[in-house]
Amino acid sequence: MDNEVGQSFALPQLDGRVLSTLNADGSRRWITPREVRGRLWKARFIVAWVLIAIFTALPWMRIAGKPPILLDVALQQFTFFGTTFRPTETLLLALIMLTLFVGIFLVTALWGRVWCGWACPQTIYLEFVYRPLERLFLGKAYGKKNSAVAGWRRLLMYAVFLILSAHLANTFLAYFVGTDRLIHWTLASPDEHPAAFVVFALTTALMMFDFVLFREQMCTIVCPYGRFQSALLDNNSLIIGYDIARGEPRANSSQRRALDAQQKHAGDCVSCSMCVQVCPTGIDIRDGLQLECVNCTQCIDACNDVMIKVGKPEGLIRYARQNQLVQNKSVGLRYRLLIYPLIMLILVSVVVVLLLRRQPASIEQVRIIGGNFTTAVDGIHTPIRLMIENYTEDARTFAITGTNNVRLEKETTLLVPALDAATIDLTVVCAPDTFGRGSRSGVLFINGPDHFSQSVSISIAGPFIAHNAIGNANKIKKGE
Ligand code: SF4
Ligand code: SF4
C-alpha cells in the first residue's frame, strides 16, 4: 500500500481480534449466542421479569398523588417516592447522588458486575425479550449465516420489534414527563405536539437501533458504567472465572486419547467451546477476566451442563474471586468492605437529617444589572431583587419586612406557585453614613404560612464613603 508521498508501507498484521465484536478485517462480527436454560438462567429469568414489571408499572403508580419517580426536566421538578425536589436544592441532590455512587462501589466490591448481568435494562431486554423473539421468528435459521428465512417471518419480527421499541420508548419517556402528559400526547394528533412526537419517534428509533443492531456493543464499547465497574474490581471481587488449575490442559476426545497414550494428565475442560458459543459478548472466558464480560452467567450454565454430561463436578466456570482461582488464596480482610459501608452510613445520616430539616422555601438575593441607588432626604434608596423558591405542593404567600437599619420603602408580599420560584423587586432605604466602600450588608425577614420565618442577608449598593470621612462625620455628630 502507498502513502501520500508514494512510499510503500505495510499495514500492521494483527494477531487475532482486537475486539470480540470485530472481525480481523474490521467488519462487524455478528454474535448470535446459543441459549442454555440452566439454574442461573432460570434465576435471572425470574429477576429479569420482576424488574421489567416494576420498570413498566412504576410510572403508573402513585405516592401522595405523584409517581414514585418522575424526573420532570421541563418543569425542573424531581420526584422520588412522594417528595419533590427542585434543582436548586443542590446540597441535598448532590448528597443523594454521592450516596448512590458509594452504593455502586459497595455493590461492586461485594458482588462484582452483578448489575450488568442481572439488572441492567440493556441485558434484561436484550437477553429476555428481543433475543428470544429473534430465536422464535428465525427458528433454525437463527445464528446460521447462509440459512434463508421466509421474508414474512423477518418482516413480522421487525414489526414486533418496532411495537416493542415504541412501548419501551413510551415507558422510558413516562419517567420524564409522567403518564398523564404521555396519554394526552398519545391521544392527540402529532400536529398538536410536534416536539413531543419527534422525541417519541427518536426514542423509538434509538431503542430499535440499540436492541436490533447495536446490541452487545453498547456494553463493550459505549457504556461508561461497565468500565467504571471494571475499574472498581480487585483480585478479591466476585467475578465469573474459569478454573485454570482444574481445566488445563484442555483437551477434546482425540487429544485426550493422545495424552492418555503418553500417560499425561488432561484437564477437565473438554474443549467443547460451549462457553464461547453462549457468550453474548463473544469472548472466551478461559482467556481470563475481560472487560467485555457482563457477568451474564451463561457460560457457567453451559459448562455445568457439559460437566454433568462428562461425569465431572460442576463449577469449572463459576462465581469466584481471582485470588482463589489463580493462587488459591483465601480472601483476607478487605478494607473497602469496611470503608464503603462507613461512608454510606455517614452520607445516609446526613441526607436523613437534611430531609428532616428541609425548609419549605429558600430565599436569596438576585443581582440586578444596572440597578443604581438614589439619594433622598430620608436616606439612600437601593433597588434589590429577591427570589423565593417554594418547595411545597401548595402556592404560598410570603411577607417581606425590613429592620430599623434596613427599611423597606414599601413592605410587601409575594405569592409563589407550588414547586416554583418567583422574584420580587424591592427598594431598601438606609442611612448614608452606614455605607463603607460603596456597599453595606443588611438583613430582611420573610414570613410565610405554617410559622415559616427566615432572615436573608443582602448586599446593598450605596455611596462610596471613605472611612476617615465617616469618622469625621461621626465626630461632628458627637460634637467632638
Ligand atoms: S464449556 Fe466448559 S468444558 Fe466446554 S470449553 Fe468451555 S470451559 Fe471447557
Ligand atoms: S464470559 Fe460468561 S459471564 Fe461473561 S459475558 Fe460471556 S457468557 Fe456471560
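**Ligand shells and helices in a predicted model**

Reader: Which residues are the closest to ligand 1, and what classes make up its shell?

Author: Ligand 1 is surrounded by 16 residues, and the closest are C269, C272, M274, C275 and C303. By class, this shell has 11 nonpolar, three polar and two charged residues.

Reader: Which helix gives the most to the shell around ligand 1?

Author: Two helices, α12 (274-277) and α13, each supply at least two residues of the shell around ligand 1. With three residues, the helix that gives the most is α13.

Reader: Why does the distance between the end C-alpha atoms of α13 agree with what its 13 residues should span?

Author: At 1.5 Å a residue, the 13 residues of α13 should span 18 Å. The two values agree because the end C-alpha atoms of α13 are 19 Å apart. Just after this helix, G311 takes a positive phi of about 75°.

Reader: Which residues of α13 are buried, and what covers them?

Author: The buried residues of α13 are Q298, C299, I300, D301, A302, C303, N304 and V306. What covers the buried residues of α13 includes α1, β4 (238-242), α12 and β5 (317-321).

Reader: At what angle do the axes of α1 and α13 cross, and which residues make the contact?

Author: The axes of α1 and α13 (residues 298-310) come within 7 Å and cross at roughly 145°. On the side of α13 the contact is made by Q298, I300 and D301, and on the side of α1 by R39, L40 and W41. By class, this contact has three nonpolar, one polar and two charged residues.

Reader: Which residues of α5 are buried, and against what do they pack?

Author: Helix α5 (residues 151-177) reaches 38 Å from its first C-alpha to its last, close to the 39 Å expected. Its buried residues are S165, L168, A169, T171, L173, A174 and V177. These pack against α1 (39-57), β1 (69-72), α4 (121-138), α6 (179-187) and α7 (194-214).

Reader: What separates the centres of domain 2 and domain 3?

Author: The protein is divided into domain 1 (39-231), domain 2 (238-327) and domain 3 (361-478). Taken over C-alpha atoms, the separation between the centres of domain 2 and domain 3 is 74 Å.

Definitions and conventions:
Residues are numbered from 1 along each chain as its sequence is written. Chains are lettered from A and ligands numbered from 1 in the order in which they are written. This is a predicted model: local features need pLDDT of at least 70, side-chain atom pairs count only at pLDDT 80 or more; totals for chains, interfaces and linings use all residues. Domain bounds come from an automatic or database domain assignment. Helices (H or I, at least four residues) and strands (E, at least two) are DSSP runs, numbered from the N terminus. The expected span of a helix is 1.5 Å times one less than its number of residues. A residue is buried if 20 or more other C-beta atoms lie within 10 Å of its own, exposed if 12 or fewer, and partly exposed in between; C-beta atoms are placed from the backbone. Two residues are in contact if their C-beta atoms, placed from the backbone, lie within 7 Å. Axes are lines fitted to C-alpha atoms, for helices over the stretch in contact, and angles run from 0 to 180 degrees between N-to-C directions. Ala, Val, Leu, Ile, Met, Phe, Trp, Tyr, Cys and Pro count as nonpolar, Asp, Glu, Lys and Arg as charged, and the others, Gly among them, as polar. A residue is near a molecule or strand if its C-beta atom, placed from the backbone, lies within 6 Å of it.
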